[in-house]
Amino acid sequence: MNKVDSLNWSQFKGELVKNPDLNLQFQYAEYKWVDASYHITEIKQAPIVSVDCGGVMNNWTEIIVQLWEPENERQERSMKVNKALSIVAIVEKSLPLNPLGTVKIEFGNSEFDTRQMFPGEFIIDGDNLIVDLRPDAVQCKAITRGGSCGTNDKGEECCAPAPTKQKVELKNLAAAGASCAPGSGCC
């Protein structure tokens with residue numbers, strides 16, 4: 001699977017601002033579209049703090065735009081971009097969104113399990129601004145830092161607990177008759 005370069009909130013919103021009069025449509029899979037009757041039900045800002053398998057702390061912010069398809073409502077045209085921007089303005093009055101937050105679109109319906117996807121490409125097709133959604137993927141941060149995941153070439157596990165130190169037996173060298181001769185085991 002190809003990794004999708006994520007957009008931050010400032011970039012995503014900028015694409016919308018450039019095209020206010022177009023219809024805003026989302027494609028969630030090849031030839032699969034969020035129904036034009038969709039609603040933007042909420043915009044979430046999620047600060048993420050994690051510790052990865054290598055013991056490194058990470059933090060970032062995600063801006064999640066949630067889409068909902070009403071079951072018994074169908075339309076020919078989706079909402080205009082400027083309508084989506086008016087929803088964004090309402091949200092930003094109460095919740096200042098981090099301009100560098102990673103954008104994800106959350107969507108699911110009866111044929112597609114709910115998931116968060118990255119907005120990939122923005123496509124202008126006639127009167128439509130199409131946001132092509134791409135799946136998120138699990139990654140190992142240790143590998144992205146140049147480390148290893150799983151077992152390295154020395155047989156060490158990146159996620160294993162630190163090895164315990166071996167106890168060393170100390171000998172009493174001051175004992176009577178003790179000498180430190182080669183092969184005596186005293187050194």
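Biologist: Which residues is S78 in contact with, leaving aside its neighbours within four places in sequence?

Modeller: They are N23, L24, Q25, A36 and Y38. Contact means heavy atoms within 4.5 Å. This is a predicted model: local features need pLDDT of at least 70, side-chain atom pairs count only at pLDDT 80 or more, and totals for chains, interfaces and linings use all residues. Residues are numbered from 1 along each chain as its sequence is written, and side-chain values use heavy atoms, with hydrogens and water left out.

Biologist: Why is S78 called buried?

Modeller: Its relative accessibility is 8%. Buried means under 20% relative accessible area, exposed over 50%, partly exposed in between (1.4 Å probe, protein chains only). So S78 counts as buried.

Biologist: Where does S78 lie?

Modeller: S78 sits in the loop between β4 and α2. Helices (H or I, at least four residues) and strands (E, at least two) are DSSP runs, numbered from the N terminus.

Biologist: What span does helix α2 reach, and what is expected?

Modeller: From first C-alpha to last, α2 (residues 81-94) reaches 21 Å. It has 14 residues. The expected span is 1.5 Å times one less than the number of residues.

Biologist: Which residues of α2 are buried?

Modeller: V81, A84, L85, I87, V88 and V91. They cover an arc of only 155° around the axis, which puts them on the same side of α2. The arc is that of the directions from the helix axis to the C-beta atoms. On the other side, I90, K93 and S94 are exposed.
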